[in-house]
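These are my notes from one sitting with the model. I looked up a handful of local features and wrote down what I found for each.

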Amino acid sequence: FDDQGTEFNRLDDRTPTRTNNAIDRASLLGRARFGPDPARVTVLDHLVVGQQGLPGPISLDAARADLGTVRNLAVLSADLTPGGLRFLPAAWWLWREEELDDRDGEIGTGIQHTRDRSGTVGGQLTSLWSPEPWLVSTLTLRARHERYVPVDLMEDTTGPVQARTAGLAALGTDLRFWRDRLTLSPAVSGLVLADEGQPRAWPTPRAGALVRPFPWLALKGAAGLYLRPPDLTELYGDHGTQIGNPDLRAESGTAWEAGFHVEQPFEGPVRFAVDVGYSRRRVTDLIAWVQNSQYTQYAINVGEAYVRTTEGAVDLELGRWVDSRTAITWTLARNLQEEAAYANKHLPGIPEIEASQQTTLHLWDRASISHTWSYTGLTYTDAANLGFTAPRDLHSFSLDLSPVPGFPSFRAELLNAFDVRGTAVDRNPLDDGDDTRIVLPLTDFTGYPLPGRTLVVALAWADQPRSP
């Protein structure tokens, strides 16, 4: 659905066919495990190669822009259990290359033809020690080095190499009392980050508790400090629609959470479980993506903000035939800047309400039918709350068939089954006195339209090992 940028004029609305929208992708995943149980070693490699057209946001069709991506992840890990200790060492290498060809200047901020390379190499060692049944200690040491190299293919120049190194040390302990009904989990960690400036260090202590007064009831809570440095996409962008900001500061703050889990305390044909949680963060230099007038996003530090989240979920089982899960999340995210244009506005990119409901009917032992409903509330795209994406209310259906071993399994999904492409919303959601309604197309955060009715069919084979 395309309103051609005139949301108050219904006469020029249209439903064109998208072009330059093809995605070709191939992936290869290999994993090998070997060694005896006290010294198991795993080797994994995942290669993804893709080429896709970039059709542009609604009303701004792009006919030739495309993006090619090559990504490879290699991991070497082990599980070592000498004596009463357990060591989990791991090392990884992630390499990514992206080539954006937009020589017609159809998307982004102008004419571009670039090839950017980024790489991360890292290692981690986790050790677990349990000298007593009521005591489990965990020590984690992690280090990684990241590089980013931009290449301008139009000018045949290579930009400055950006690099940074990060290290983390964390020590946590689980103390179990009252026949495992009470668990206390104090932890302390420290992060060290070295980039162009001097190395910086941040301590991040945290503590949690889990209480099970009855087998069917669990109470939990945690509080502490946290820190999140910007990732490579936030620093240097992701071609076409996301513009990085190399001047971003690390996001930091305090956080606490509490909740409970209740299960059905008696046996019966109907079983249920309820989860409820509440969390709150007070954040300094929160990192957020905001949209500009060119339908591209750029990363900013918001400044002071708080995020309050309330979550609830209900799981239901009716014998062996029906199971259901219903979940809802309500988030109050406020900008605490004093500037009038942003003060007390909702943070961009965070919907206020998200909800889902899935019900599955099991037919015999090898077939099932599911219905999924999902709702995502209105989401603002800028810090001043002037732009927003429309709420999404979508239904999907799926069919799973698993015949006898040795035959392929079959899965069919009908996504957005009712072919929803637009929705009516308030013209100004911040003005309670404005009852004017407008129709907006369903888009993602960057203004690209979401797919209409989509049929996905998959076949899968699994080799069944023979018994000796």
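I count a polar contact as a pair of N or O atoms within 3.5 Å, where, within protein, one atom must be able to donate a hydrogen and the other to accept it. The model I am reading is predicted.

Entry 1, N72. I started with the side chain of N72, which makes a polar contact of 3.1 Å with the side chain of D45. I placed N72 in strand β3, residues 66–80. Is N72 buried or exposed? I found N72 buried, because its relative accessible area is 11% and the cut-off for buried is under 20%. I then listed the contacts of N72, leaving aside neighbours within four places in sequence. They are D45, H46, L47, W93, L94 and W95.

I looked up an open sheet of three strands and noted its order as β13-β17-β16. The pairing in this sheet is mixed. Which strands are at the edges? I have β13 (242–243) and β16 (287–291) there, each pairing on one side only. Strands of a sheet pair through backbone hydrogen bonds, either parallel or antiparallel. For β13 and β17 (residues 297–301) I noted that they run parallel and are joined by two bridges. I also looked up I243, whose bridge partner in β17 is Y298.

Most residues other than glycine have a negative phi. D180 is not a glycine, yet has a positive phi of about 70°. I located D180 in the loop between β8 (162–177) and β9 (182–194). D419, also a residue other than glycine, has a positive phi near 55°. Where is D419? I located D419 in the loop between β25 (409–415) and β26 (422–426). I logged D419 as partly exposed because its relative accessibility is 21%, and buried would need a value under 20%.

I followed up one of them, L141, and found it in strand β6 (residues 135–152). L141 has a relative accessible area of 40%, so I logged L141 as partly exposed.

Methods
Residues are numbered from 1 along each chain as its sequence is written. This is a predicted model: local features need pLDDT of at least 70, side-chain atom pairs count only at pLDDT 80 or more; totals for chains, interfaces and linings use all residues. Side-chain values use heavy atoms; hydrogens and water are left out. Two strands pair if DSSP finds at least two bridges between them. Helices (H or I, at least four residues) and strands (E, at least two) are DSSP runs, numbered from the N terminus. Buried means under 20% relative accessible area, exposed over 50%, partly exposed in between (1.4 Å probe, protein chains only). Contact means heavy atoms within 4.5 Å.
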